[in-house]
Amino acid sequence: MGRKVLQHVVIFKLVESFTDEQLEEAVKQTAVMVNTIPGIITASFAKNADNLYDTFRPHTKGYTHTLLVTFENEQALKRYDTAPTHLELGKLIIPFMEDAIATDTIIDTFPDNCGGQKVAS
């Protein structure tokens, strides 16, 4: 059936001047964050995809990037909130942020065999 986890999703609207190089730095910092904050199962920071297939209709409303972090539990989310490596990621993103939406969702059907790969972009 799966296990219970907490998923933290932040969808960003970043300014056009946010470069591919800055994206690379944010992805690298996400990897550092994952490897230094106990309780993170997996995390990714990436540019939102568009035009994926012929009938694709974008519903992004101008939001450009997404951070997805899966935690073992609520305590891991609390550690993450004040962790220095998370705050460093924020320093890379916040100066370019026009807006953001964040949600936290408890999922009780997360596959037991997920979590081997810590970071994807």
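**Entry 1: His8**

I started with His8, which counts as buried because its relative accessibility is 9%, under the 20% cut-off. I was working on a predicted model, so I kept its local features to residues with pLDDT of at least 70. His8 sits in strand E1. I then asked which side chain makes a polar contact with the side chain of His8. I found Asp104, at 2.5 Å. Next I listed the contacts of His8, leaving out neighbours within four places in sequence. Leu67, Leu68, Val69 and Phe71 came up, then Leu77 and Tyr80, and finally Thr103 and Asp104.

**Entry 2: Ile11, also on E1**

I moved along to Ile11, again in strand E1. Is Ile11 buried or partly exposed? I put Ile11 down as partly exposed, because its relative accessibility is 29%. Setting aside residues up to four places away in sequence, I saw Ile11 touch Asn48, Tyr63, His65 and Thr66, along with Asp99, Ala100 and Ile101. I also checked Ile11 against Thr103: the two are 92 residues apart in sequence, yet their C-alpha atoms are 8.9 Å apart in space.

**Entry 3: stepping back to the chain**

I wanted the overall layout next. I counted three helices and five strands, and I read their order from the N terminus as β-α-β-β-α-α-β-β. The chain has 121 residues, of which 33% count as buried. I looked at contacts with a separation of 6 or more, and found that 84% of them join residues 24 or more positions apart.

**Entry 4: helix H2**

I turned to H2, residues 74–82, and noted Ala76, Leu77 and Tyr80 as buried. Why do the buried residues of H2 line one face of the helix? Looking down the axis, I saw them fall within an arc of 100°, so they share one face. I reminded myself that an α-helix has 3.6 residues a turn, so residues three or four places apart point the same way. On the other side of H2 I found Lys78 and Thr82 exposed.

I followed the buried residues of H2 to their packing partners: strands E1 (3–14), E2 (40–47), E3 (65–71) and E4 (97–110), plus helices H1 (20–36) and H3 (84–93). At the start of H2, I noted a side-chain oxygen of Asn73 within 3.2 Å of the backbone nitrogen of Gln75.

**Entry 5: helix H3**

**Entry 6: the largest pocket**

I finished with the largest pocket, which holds about 240 Å³ of space. Which of its 15 lining residues are closest to the centre? I got Val10, Phe12, Leu67, Tyr80 and His86. H3 gives the most, with five. I sorted the lining by class and wrote down eleven nonpolar, three polar and one charged.

Terms used
Residues numbered from 1 in each chain as written. Predicted model: local features only at pLDDT ≥ 70, side-chain atom pairs only at ≥ 80, totals over all residues. Heavy atoms only, no water. Buried < 20%, exposed > 50% of the residue type's maximum accessible area, 1.4 Å probe, protein only. Helix = DSSP H or I, 4+ residues; strand = E, 2+ residues; numbered from the N terminus. Arc of directions from axis to C-beta. Contact = heavy atoms within 4.5 Å. Polar contact = N/O pair within 3.5 Å; in protein donor to acceptor, adjacent residues only side chain to side chain. 1 Å grid on protein atoms, 1.4 Å probe; cavity = no way out; pocket = protein on both sides within 12 Å on 5 of 7 lines; lining within 4 Å. Points joined across faces, edges and corners; volume = space filled by probe spheres on them. Nonpolar A, V, L, I, M, F, W, Y, C, P; charged D, E, K, R; others polar.
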